[in-house]
Amino acid sequence: MHVSRDAAGRQDGQAAGKETTVHPRPLHMLGEAVKRQYRVWTNISRRRAMAEAYRPIVRGFLLPGAAYYFLVTWLHWQDESGAEFVILGGISLLTAVLYTAFRWGLLPRGRTSLKRLEAVGFTTNLLMYSNVLAYMLLHFEEQKLIYFVLMAVVFSTTGVTLRATLASVILSIGSLFWFSAQASPDVAQQFVFIGLATSFAAFGMASLLRKAIMRQIDARLLADQLAARDSLTGIANRRSVFSRIEELVEEQKPFWVGILDLDGFKSINDIYGHAVGDHVLCEVVERLKLRQRSDVEFGRIGGDEFAIVIEGEPSEIEVAAFGNSLIADISRDYELQPLVLTVSGTIGFAQFPTMGSTARQIYEKSDFALYRGKQFARHQAVIFTVNQDKEMRESLALERALREARMEEEFHLLFQPQYDVAAGKVVSFEALARWQSPRLGPVRPDRFIRAAERAGLIQQVTRILFGKALDALELWPEDITVSFNLSAQDLADRAFIFSLVAQVHKRQISPTRIEFEITETAVMKDIAASRVLLEDLSSAGFKIALDDFGSGYSSFEYIDQLPLNKVKIDKSFVRKVADSATSREIVAGIITLCRNLGLKCVLEGVETESEMSTLSALSPQLIQGYLYGKPMPQRDVLSLLLLGEVKDLKATVA
């Protein structure tokens with residue numbers, strides 16, 4: 001094919017242009033390689049790893065080196081005199097003393113910076129060099145030129161960094177060439193070749209050693225990097241987060257730590273499975289990353305718990321606003337066709353150093369702020385306050401006592417009767433948890449239950465107390481039931497609840513004799529999951545009671561949504577019926593509502609005959625209060641039940 005010269009030129013130019021695009025210029029490639037290498041060598045983690053790798057080499061050399069130069073000092077004392085002894089003996093003694101000081105003073109056991117290690121290594125080489133140099137200047141001996149060769153070999157391993165190694169070896173070989181000029185021509189020629197060979201050998205040894213060390217460093221850094229990442233979400237894991245917090249504390253840099261706990265996530269796992277739950281967690285992390293900045297790091301420290309580290313000194317208002325924006329982001333719907341799921345979160349924040357001086361203190365305080373948020377400010381960011389400090393210390397002391405408690409011995413139950421007005425007898429008992437601590441004395445239930453929830457011990461407490469309730473129930477008549485309280489954490493764990501059910505079946509106790517009491521607070525965390533669990537319990541024959549009815553804003557909603565058998569009217573209403581027409585009407589309305597819905601209704605806190613006289617006009621069904629019995633131990637329950645049987649028998653005979 002014929003192609004004109006111009007066309008050919010254009011084709012060549014186009015081809016050249018394409019070739020230039022595919023293959024970058026060598027200088028450009030070299031520059032990029034240098035930049036990459038510079039970033040590698042200035043990486044903080046790599047420098048720290050290099051220091052850790054070279055530190056035992058330098059430190060291990062110093063002790064035998066000090067011993068050697070103490071010996072050299074003694075030999076100089078034997079062989080030298082006058083000014084020569086002062087010079088040579090002084091330099092060798094100074095070297096021995098400094099080597100010792102370097103080992104025990106500048107390089108103690110523990111972490112050492114690469115900069116300090118390089119300085120110590122180079123100074124060590126200079127001291128060694130000064131001994132040989134001084135001797136050769138005072139006593140030039142051709143055979144002693146070999147010392148410069150030996151030093152170059154030693155310097156190849158103790159230089160630490162490449163620049164220190166180059167400087168030390170060049171100084172040693174350069175001195176060898178300079179002193180060789182004073183020797184005979186044959187000896188000088190020999191040592192010139194020896195010096196050149198030593199230079200290549202020293203640099204080769206240094207390169208091989210550094211290459212081997214760097215390979216180990218790279219492998220360890222890669223392993224550390226993988227170990228520092230959460231395998232599911234790819235963000236920092238618990239170990240990495242706490243390591244970073246420790247570093248910031250060590251460097252005395254101010255920062256905030258936030259702990260984010262997802263609300264409603266556990267029910268997603270329970271209902272839809274872990275695959276869906278994992279997908280939601282990954283989506284939560286993607287939304288968190290949208291808020292990530294150079295001064296903000298996120299990490300996953302638990303199943304559905306995340307840490308937020310904010311470096312610097314933003315104000316409490318700024319931190320709270322940032323936390324609330326994160327909660328708003330993760331609270332948007334998660335569309336996993338055909339599912340549309342919702343989770344939210346609560347965050348607790350604490351600041352270093354104003355709220356604590358150690359990493360542990362800061363974490364504990366942010367965790368306590370989260371706990372307070374879960375109680376009183378769900379779906380919000382909560383800042384730890386000075387007012388919470390005393391409460392937290394008391395709570396931690398309580399947790400420690402709880403962890404060390406002999407729960408089987410120290411925990412027990414009291415039973416308060418529920419009196420059936422129409423039947424004129426006791427038909428049920430509420431099991432009330434009590435803790436008699438050898439260290440703290442009697443501890444209020446509301447305090448130790450909260451402490452057990454914080455410490456992750458609530459299920460252990462519940463299991464022990466439920467077993468004691470079943471022990472009591474086995475001794476009661478068949479028509480007497482027991483009412484047992486479940487905490488929010490108990491209800492959140494389906495497997496745990498059905499482990500209690502298994503205890504009942506194992507003892508061959510009828511489920512109809514057991515009533516699980518729940519509170520509005522316990523079910524409001526996840527009404528959907530709670531409803532499914534309670535329906536399963538109801539289907540199995542257990543009774544469900546809603547406690548403290550009227551104390552919350554949405555209790556009527558729960559009556560509609562939950563499979564209830566009984567409602568307990570909060571004592572705050574009952575106590576006012578004698579003096580408040582409004583309270584009287586509210587109680588009357590609830591009693592009527594329960595009757596119409598086929599629910600039993602319990603009036604709590606009835607203490608006096610005057611209160612009972614007023615309530616009688618409202619036709620109550622069940623009464624629980626001091627008027628019909630205070631909380632009592634098992635032996636008194638048996639006496640009360642026996643007395644009731646005797647009264648029934650007398651009435652029959654009459």
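**Packing, pairing and contacts in the predicted model**

A polar contact of 3.0 Å links the side chain of Ser-610 to that of Thr-608. The model described here is predicted. Ser-610 belongs to helix 25 (residues 609-616) and is partly exposed, its relative accessible area being 47%. The C-alpha atom of Ser-610 lies 7.5 Å from that of Ala-578, although 32 residues separate the two along the chain.

The side chain of Lys-566 meets the side chain of Glu-515 at 3.0 Å. With a relative accessible area of 4%, Lys-566 is buried. Leaving aside residues up to four places away in sequence, Lys-566 touches Gln-418, Glu-515, Ile-544, Ala-545, Leu-546, Lys-600, Val-602 and Leu-622.

The largest nonpolar core comprises 78 residues, and those with the most contacts inside it are Phe-415, Trp-435, Trp-476, Ile-514, Ile-569, Val-587 and Leu-603. Helix 17 (residues 458-473) makes the greatest contribution to this core, supplying nine residues. Another core, of 57 residues, lies apart from the largest one and includes Val-249, Val-319, Leu-341 and Leu-370. The surroundings of Leu-603 were examined in turn. When residues up to four places away in sequence are not counted, Leu-603 touches Ile-569, Val-574, Val-587, Ile-591, Leu-615, Pro-620, Leu-622, Ile-623 and Gln-624.

Strand 3 (residues 296-300) has four of its five residues buried and is therefore largely enclosed by the rest of the structure. Strand 3 pairs with strand 1 (residues 236-237) in the parallel sense, over two bridges, and Asn-237 has Arg-300 of strand 3 as its bridge partner. Four residues lie between strand 3 and strand 4, and the two strands form a hairpin.

Helix 12 (residues 316-330) has 15 residues, which at 1.5 Å a residue should span 21 Å; the end C-alpha atoms are 21 Å apart, so the two values agree. The buried residues of helix 12 include Val-319, Ala-320, Phe-322, Gly-323 and Ser-325, as well as Leu-326, Ile-327, Asp-329 and Ile-330. Helix 14 (residues 387-403), with 17 residues, reaches 25 Å from its first C-alpha to its last, close to the 24 Å expected at 1.5 Å a residue. In helix 14, buried positions are Gln-388, Met-392, Ser-395, Leu-396, Leu-398, Glu-399, Ala-401 and Leu-402.

The structure contains 20 aromatic pairs. In one of these, the ring centres of Trp-178 and Phe-179 are 4.7 Å apart and the planes meet at 80°, so the pair is edge-to-face. Trp-178 is exposed, with a relative accessible area of 51%, whereas Phe-179 is buried, at 1%. Both residues belong to an aromatic cluster that also holds Tyr-129, Phe-140 and Phe-148. The rings of Tyr-419 and Tyr-628, by contrast, have centres 4.2 Å apart and planes at 10°, and the pair is therefore stacked. Because Tyr-419 lies in strand 9 (residues 411-420) and Tyr-628 in the loop between strand 17 (622-624) and helix 26 (634-653), this pair ties together parts that are 209 residues apart in sequence. Tyr-628 is partly exposed, with a relative accessible area of 26%.

Key
Residues are numbered from 1 along each chain as its sequence is written. This is a predicted model: local features need pLDDT of at least 70, side-chain atom pairs count only at pLDDT 80 or more; totals for chains, interfaces and linings use all residues. Side-chain values use heavy atoms; hydrogens and water are left out. A nonpolar core is a set of buried Ala, Val, Leu, Ile, Met, Phe, Trp, Tyr and Cys residues joined through side-chain atoms within 4.5 Å. Buried means under 20% relative accessible area, exposed over 50%, partly exposed in between (1.4 Å probe, protein chains only). Contact means heavy atoms within 4.5 Å. Two strands pair if DSSP finds at least two bridges between them. The expected span of a helix is 1.5 Å times one less than its number of residues. A polar contact is a pair of N or O atoms within 3.5 Å; within protein, one must be able to donate a hydrogen and the other to accept it, and residues adjacent in sequence count only if both atoms are side-chain atoms. Rings of Phe, Tyr and Trp (its six-membered ring) pair if their centres lie within 6.5 Å; planes under 30 degrees apart count as stacked, over 60 as edge-to-face and the rest as tilted.
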